[in-house]
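Have the viewer open and follow along.

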Amino acid sequence: MPNATAEVDVSWQRDPNLFLMRAGADLDCALQPIVDINTGRTLAYESLVRQTDRLGFASPESLFEHAHATGVLLELELVIQTKALAKYAGARENGWALLFLNLDGRLLGRRREIEAHLTQLLSAHGMNPSDVCIELSERNQVLEAEAFECEVASLRRAGFSVALDDFGTGNSGLQMLYKCNPDFLKIDRFFVSSVQSDPKKRVLVSSIVDLAHALGIRVIAEGIETTAELHSCRRIRCDLAQGYYISRPVIDTAELKTSYGVIGNEQCRRGNGLSADDVRALVEPLMPLSVDASLADVFEIFERNPRQTMIPIIDAGRMPRGIVRERDIKPFIYSRFGRELLRNKALGFGLKNFVCSAVVADINSPFDPLLELSGSDANDAIIVIDQMAYCGVLPTTGLLKLSNDMRTREASNRNPLTRLPGNQAIRTYLDELAERQGLRRLVCYLDVDNFKPFNDKYGFRIGDRALMMLANILKSLQIERDIFVGHIGGDDFFIGGVEEHSAPLLALLPTIRQRFNLEAESLYSPLDREAGVIIGKSRDGRDQAFPLLTCSIAALDLDQHAPGMSAEEVASYLAQIKLRAKSAKTGIAVAQVGANSTASTLALADVA
């Protein structure tokens, strides 16, 4: 309601005409960029109301509540849309980008008036409905499910794309997702906030992203404010990013950029050895149609290409809007009066009536989850995008080939004895840790001491048993505590844990060593076990007494203030710590690294 004070006369707020007149004069709109999460390229803007304080309202929410109470909510919405389109027209000088317009749920029932107004405005600016995305939210949603679905479908038929905002914060999110069938899904700030340090949020958001991609929906991580949040949302495979970390809402369109360097140009790491080129080699560059194309264009493509089963549909920014299946339009193509029916404008048929959703995947994202998500229909295919623009389609056969290649490469990157991830997977893990600043991270190098003389005396079969003993001990940690375990090669192993897994793993290091020492003793003969040593050859060929098998552990403990480190930097740290661990009485050495630590100033500590 109005924020009346003794000093300021706000009686005009109760007069609808005066209120709307002042709104038209004093309100302004800001544009906030929505960018490709991998490259920073600007793909859209969200229009946001500003300067509500000039009308005596502390926030846009209080402004809209007053307009609703006064009975002029629709009229206020039209005023704001007029301002937003004018602002957007100025921003388009930087190149095409989609405009996101928020629509109060209480106005969806008046969709016809809003649609007519927007269409007229767009035409005046030389634009089309495909340039606008209507952003809907559960907030203030008053329509029943069936009516809601009907109105949203009408918006889509008119050429507008649709986004679902604040997903996950209401009680009927999944139902709205099903009924809305949006082009975009916005993950609410609640889930984005601290996602890097909250495992529950990561699991939930990752599941939402997989579900959205299966339905052909692009996911926007909303409210990103830190580097760590950005990196986490990128790893979870969100498509787009929005938030203060990238750019605050901008009133002066001259301040808008075509790309934002704060994002960098860092593609999602697959972790399975596949590259974008591997995927691109299997992508079929089917010629897409614009969402504004006619059904005659569809008929012509299917007639020219009898074996083609689908046509990708894109908008003005080459972003996919779905597919048209040949099987859906076939009855009209080949029936006696089918084409005449579709060409009859009075019946209202158009291309948009036949556009259905399709699975969409970025060429730089992992494809393995899509085996289950894409379904079993051999006529369907995955739409592949590169920097959010249409790239081509990946047929089911191509997806299966990618899956087989991925599994083959994954198997080749596992140690043949222990079946633990090898050096490539360890490198990928370390690269990901480099992004996770703001979290505690622990990485450990384990080396079996005195392994060569033991292997020489007892043979490779018993030596392999010793390595499997340590591998199985580490695998048990992986299962119980979500610890990453890798086999560098030979008698060298690697383990790592992040955030809540770091402290327990550090505390377990002495137990790991003790368990291995105890189990390894069983491999020796009774005489050697009693003696506590074996006789073997030293490096210079002389006989020498070697202690029984044990392992030394070098641990690098990065606190939440430690900078990100490359795999090479981590290896450099661990090499220094390993020398201390070998000479330590406990066989374990830990280096604590904070914000001001360098490779030459390690805080080393033996673990009791």
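A pocket here is worked out on a 1 Å grid over the protein atoms alone: an open set of points where a 1.4 Å probe fits, with protein on both sides within 12 Å along at least five of seven lines, and its lining residues have an atom within 4 Å of a point. Grid points are joined across faces, edges and corners, and the volume is the space filled by probe spheres set on the points. Before we start, note that this is a predicted model, in which local features need pLDDT of at least 70, side-chain atom pairs count only at pLDDT 80 or more, and totals for chains, interfaces and linings use all residues. Residues are numbered from 1 along each chain as its sequence is written, and side-chain values use heavy atoms, with hydrogens and water left out.

So, the second largest pocket: it holds about 970 Å³ of space. It is lined by 37 residues, and E46, L48, E61, N102 and R139 sit closest to its centre. Among the elements supplying at least two lining residues each are β1 (28-36), α2 (60-70) and β5 (161-167); helices are DSSP runs of H or I with at least four residues, strands are runs of E with at least two, and both are numbered from the N terminus. The top contributor is β2, with five residues. Sorted by class, the lining has twelve nonpolar, ten polar and 15 charged residues, where Ala, Val, Leu, Ile, Met, Phe, Trp, Tyr, Cys and Pro count as nonpolar, Asp, Glu, Lys and Arg as charged, and the others, Gly among them, as polar.

Next, find the open sheet of four strands, which runs β9-β10-β11-β12 with mixed pairing; two strands pair if DSSP finds at least two bridges between them. β9 (289-290) and β12 (355-356) are its edges, each pairing on one side only. Inside it, β10 (310-314) and β11 (320-325) run antiparallel, joined by five bridges, and I313 has G322 as its bridge partner in β11.

Another open sheet has three strands in the order β13-β14-β15, again with mixed pairing. β14 (381-386) pairs with β15 in the antiparallel sense over six bridges, and D386 is partnered with A389 of β15.

Last stop: helices α16 (423-435) and α21 (567-583), whose axes come within 9 Å and cross at roughly 100°. Axes are lines fitted to C-alpha atoms, for helices over the stretch in contact, and angles run from 0 to 180 degrees between N-to-C directions. The two helices, α16 and α21, are therefore roughly perpendicular, a label for angles of 65 to 115 degrees. R427, L430 and D431 of α16 meet A567, E568 and V570 of α21, with contact meaning heavy atoms within 4.5 Å.

Notes: Angles under 35 degrees count as roughly parallel, over 145 as roughly antiparallel, 65 to 115 as roughly perpendicular and the rest as oblique.
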